[in-house]
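Visitor: I would like to learn how to read this structure. Where do we begin?

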Amino acid sequence: MIDLKYTVKDFKSDSEVRWCPGCGDYAIMNAVQRTMAGMGVPHEKFAVISGIGCSSRFPYYMSTYGFHTIHGRAAAIASGVKLANPDLSVWMISGDGDSLAIGGNHFIHLVRRNIDINLILFNNRIYGLTKGQYSPTSARGFKSKTSPFGTVEDPFIPGQLAIGARGTFFARSIDGNMKMSQSVFEEAAKHKGASVVEVLQNCVIYNNGIHSAITDPNHRADRQLYLEHGKPMVFGAENEKGLVFEKAKLKVVEIGKDGYTIDDILVHDATEVDPTLHLALINMQLPDFPVAFGVIRNVEALVYDQELVKQIDEVQQKRKVTCVDELLNSGNTWEVTGNGTPDSVSC
Amino acid sequence: MKDAKVIELEEVTIRFSGDSGDGMQLTGTLFSDATALLGNDISTFPDYPSEIRAPQGTVGGVSGFQVQFGKRLVNTPGDLAHVLIAMNPAAVKANAKFINPGGTIIYDSDSFNERNMKKANFATDDAFAECNLEDFFKIPVPISSLTKESLKDFGLDNKSVLRSKNMFALGLVCWMFNRPLDYIEEFLNKKFAKKPVVVEANIKVLHDGFNYGMTMQHMTPSYLVNPAVIENGTYRTINGNHATAWGLLAAAEKSGRELFLGSYPITPATDILSALSERKDLGVKTFQAEDEIAGVTSAIGASFAGDLAVTTTSGPGLALKGEAIGLAVMAELPLVVVNVQRGGPSTGLPTKTEQSDLLQSLYGRNGESPAVVVAASTPSDCFWYAFKASQIALERMVPVILMTDGFLGNGSEPWKIPTMAELPTITPRIAKDPDLFKAYKRDPETLAREWAYPGMKGFEHRIGGLEKDETGTVSHDTENHQLNTEYRENKVRRVADMIPELEVCGDGDGEILVVGWGGTFGHLVSAVRELRKEGKNVSHAHFNYIKPLPKNTAEVFGKFKKIIVCELNTGQFASYLRNEMPEFKYEQLNKLKGLPFTVDEVKQSVYKLLED
């Protein structure tokens with residue numbers, strides 16, 4: 001065994017990081033670098049692929065192989081990288097505009113195919129690089145330079161899309177909580193298949209405080225539910241609140257009130273194939289519910305890149321054609337002999 | 001028994017034509033393959049509607065398959081058919097203008113009823129008079145009822161019985177042209193191996209058609225076309241799309257790279273995707289993407305990861321891929337883009353041929369975005385140009401657009417099978433020394449950068465669509481952008497060092513040079529050959545390399561008094577040549593009918609130019 005002890009430093013490139021001071025991207029990158037350092041994967045086997053947007057500058061700041069591509073297409077490019085070499089650890093960095101607007105089609109198909117790629121979706125609910133237009137995750141009525149009177153459309157909820165596309169892994173984190181981010185990135189990396197991690201990210205310039213209702217230290221305990229597989233879904237400063245499932249709906253209850261005990265509280269099963277409860281957790285919004293964080297869904301399923309290699313292996317076990325010469329001479333061929341002076345095409 | 005009239009011919013053109021559900025493509029293909037196996041040279045042209053099943057019996061639903069075969073080398077599927085097989089009145093109407101004067105029309109007389117005449121929009125009950133075909137030799141054969149009679153003891157339903165009527169026509173044509181039936185029988189046995197009744201029924205009908213010709217020989221002339229004198233070797237028939245697929249496979253094997261195809265189905269390019277999907281045995285990875293953009297971008301990803309990466313498409317798909325091809329230009333990654341051209345703009349004429357994507361291939365991207373553009377000129381040489389496109393991409397770290405077209409892609413011809421040993425080596429520019437590696441350090445001769453891909457230790461680097469300096473670091477420096485723009489353009493131009501010079505067919509100087517590119521080769525060479533036989537001072541130069549042009553192009557052009565550029569568009573190559581070499585005057589012959597040139601059209605335009 002080669003000793004693969006890396007530190008965060010081993011994953012930083014020489015390029016000067018040019019995100020705005022205070023941007024949430026710094027913390028997310030730090031968590032990614034910490035995760036990679038601990039994965040036991042040789043440095044040269046990482047490939048970081050991004051599209052276009054502030055977050056997509058990410059590969060330049062990494063010391064790994066990296067490819068900063070074009071708007072919306074990172075999912076398809078990352079797919080090509082992984083299929084060409086399934087041995088690589090492929091990370092895709094994208095934003096709400098890149099993955100859910102211009103790249104929506106590639107996003108859902110990457111998830112549906114379940115290609116083993118770790119997709120980190122920076123969700124700041126704004127177009128930052130183009131200086132502040134509303135995005136497909138901006139709330140209805142959101143005012144921006146291109147919606148001065150408020151938008152008249154509803155946003156995507158990224159986890160809904162992932163579930164709708166038959167996603168096998170969905171997690172949510174928040175930029176400021178590096179520990180949580182690292183923990184879900186580690187789970188995403190371990191998961192075989194497409195892992196989608198939505199990170200709520202703050203754009204200090206164009207959408208500052210967009211997630212502050214969730215992150216507010218005074219209310220954080222009541223407004224965030226950190227899900228852990230096998231553990232009860234409790235939250236609140238004293239873990240005094242929990243979730244129950246009644247009449248096909250989630251409900252917040254107080255433990256010890258109205259006859260609810262800790263035994264009534266739902267226990268998180270991220271591996272449940274039926275997505276009903278996962279979807280309900282993803283949909284939880286303030287003020288009626290806390291926002292769910294952590295690994296919400298993590299189920300096993302056939303993985304495209306592995307199946308592709310398996311199919312090639314199976315066909316090759318039984319193959320009759322082993323090289324191009326054999327292919328060219330397979331099927332109907334005939335010999336021409338005894339012709340001395342062939343016609344020529346010359347005029 | 002009376003002796004049948006036997007006509008000996010140099011070359012014969014046959015057109016099978018019927019409803020798109022009548023199995024005319026299969027009939028034509030089987031006849032062509034049986035003919036090629038006899039040693040005739042062939043060239044085929046499937047001409048089918050874009051609807052899978054247009055309304056039955058209508059002119060819009062007519063599907064045709066034309067084949068020319070001969071005792072000499074055959075370069076085109078023929079201008080006009082000597083024999084037309086028409087399965088219904090609509091087929092007569094659709095093909096009236098494609099029959100050789102004095103040609104023979106064999107038709108299913110059963111289908112010439114009031115209903116079908118009406119469906120084909122005939123006003124009277126005489127289809128031939130309405131189409132001015134009175135002087136043609138017409139052979140009515142009650143194909144439908146003879147097929148029913150033939151299969152009456154098989155216990156098949158009416159629909160299944162009538163599905164076999166194409167075999168009756170095929171049997172009859174095989175008799176007319178002295179083709180043995182064994183190849184066709186073998187095919188049927190294989191194709192319907194699981195349905196012995198179907199095999200038996202089809203073979204019965206095939207033989208009955210053949211015997212019908214023999215019995216009724218007082219009315220059908222039999223043609224004899226002796227085998228062509230062609231070079232010794234092992235042959236097979238191949239169409240352009242298969243040849244393209246196999247050329248890519250050959251390049252992958254030769255270069256030691258895995259082959260990756262990212263593609264989205266589109267007529268008429270889809271056959272390349274299916275042909276390569278069959279080749280898991282050779283380790284090909286095919287990826288049917290969610291759209292055209294994902295087709296090319298997945299390929300770019302695979303190229304970044306070290307594969308010989310390809311995307312295949314047709315005109316509208318090329319438009320969608322434009323931005324991504326620009327990324328390959330900027331990232332300087334090897335990429336092969338195959339464009340099987342069809343009639344445009346927009347959805348245009350999906351099943352018809354055209355050469356109208358030339359300027360799109362050259363210029364259809366944002367910014368200064370040069371790519372190599374190569375064009376195949378016959379169905380079988382698609383193999384060679386797919387190989388060559390891959391070689392250029394891998395050795396020069398550049399996207400290469402390979403142009404074929406619907407006529408080449410679907411057309412087939414006999415092909416002398418090459419061996420891998422005789423193909424040139426391909427040496428991808430894989431980086432060797434991590435200490436000396438810089439992402440955009442260039443070879444001083446070719447200007448190509450080195451290729452290092454994930455998994456190669458010590459070469460970790462970042463690339464992207466932003467302008468960069470030699471190390472790959474993003475650079476907005478103005479001088480650097482100018483320099484890199486010139487590098488990218490000159491890198492493409494220096495590909496001229498690895499392509500052959502332009503050859504002239506005929507004399508190296510003279511009155512008229514007929515210039516063409518890509519899929520018009522067969523018709524142009526045939527026309528020039530006939531003109532030269534007539535003593536006309538005409539030569540032919542055909543381009544397979546569009547960007548860059550062969551180095552000696554100006555030298556060749558300078559030796560002729562007149563240059564006529566013939567192409568299936570409004571003059572795209574001519575305008576490109578005017579831009580590249582404004583010192584010459586270019587006459588034009590253009591056609592936009594969704595069809596190849598005819599030899600005669602080319603000759604007429606040259607006659608006119610000789611008179612001027």
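Guide: Begin with a helix pair: the crossing of H5(B) and H9(B) is right-handed. A crossing is left-handed if the near helix is turned anticlockwise from the far one by less than a right angle, and right-handed if clockwise. Helices (H or I, at least four residues) and strands (E, at least two) are DSSP runs, numbered from the N terminus. A caution on the source: this is a predicted model, where local features need pLDDT of at least 70, side-chain atom pairs count only at pLDDT 80 or more, and totals for chains, interfaces and linings use all residues. Residues are numbered from 1 along each chain as its sequence is written, while chains are lettered from A and ligands numbered from 1 in the order in which they are written.

Visitor: At what angle do H5(B) and H9(B) pack?

Guide: Axes are lines fitted to C-alpha atoms, for helices over the stretch in contact, and angles run from 0 to 180 degrees between N-to-C directions. Here H5(B), residues 143-150, and H9(B), residues 196-215, pack at about 125 degrees, with axes 10 Å apart. H5(B) and H9(B) are therefore oblique to each other. Angles under 35 degrees count as roughly parallel, over 145 as roughly antiparallel, 65 to 115 as roughly perpendicular and the rest as oblique.

Visitor: In what order do the 6 strands of the open sheet in chain B run?

Guide: Two strands pair if DSSP finds at least two bridges between them. In chain B the order is E3-E4-E2-E5-E6-E7, with mixed pairing. E3 (41-47) and E7 (137-141) of chain B are the edge strands, each pairing on one side only. From one strand to the next, the twist averages 15 degrees. E6(B), residues 99-108, pairs with E7(B) in the parallel sense over 5 bridges. Ile106(B) stands opposite Ile139(B) in E7(B).

Visitor: How many residues of chain A are in contact with chain B?

Guide: 56 residues of chain A touch 68 residues of chain B. H2(A) gives the largest share of chain A's side, 8 residues. That side has 26 nonpolar, 22 polar and 8 charged residues. Strands cross-pair too: E14(A) and E9(B), residues 233-239, are antiparallel over 3 bridges. There, Val336(A) stands opposite Gly233(B).

Visitor: Is Ser63(A) buried or exposed?

Guide: A residue is buried if 20 or more other C-beta atoms lie within 10 Å of its own, exposed if 12 or fewer, and partly exposed in between; C-beta atoms are placed from the backbone. Ser63(A) has 20 C-beta neighbours inside 10 Å, so Ser63(A) counts as buried. Ser63(A) sits in the loop between E1 (46-50) and E2 of chain A. Beyond its neighbours within four places in sequence, Ser63(A) is in contact with residues including Asp10(A), Phe11(A) and Glu460(B).

Visitor: What share of chain A is buried?

Guide: Buried residues make up 45% of its 347 residues.

Notes:
Contact = placed C-beta atoms within 7 Å. Nonpolar A, V, L, I, M, F, W, Y, C, P; charged D, E, K, R; others polar.
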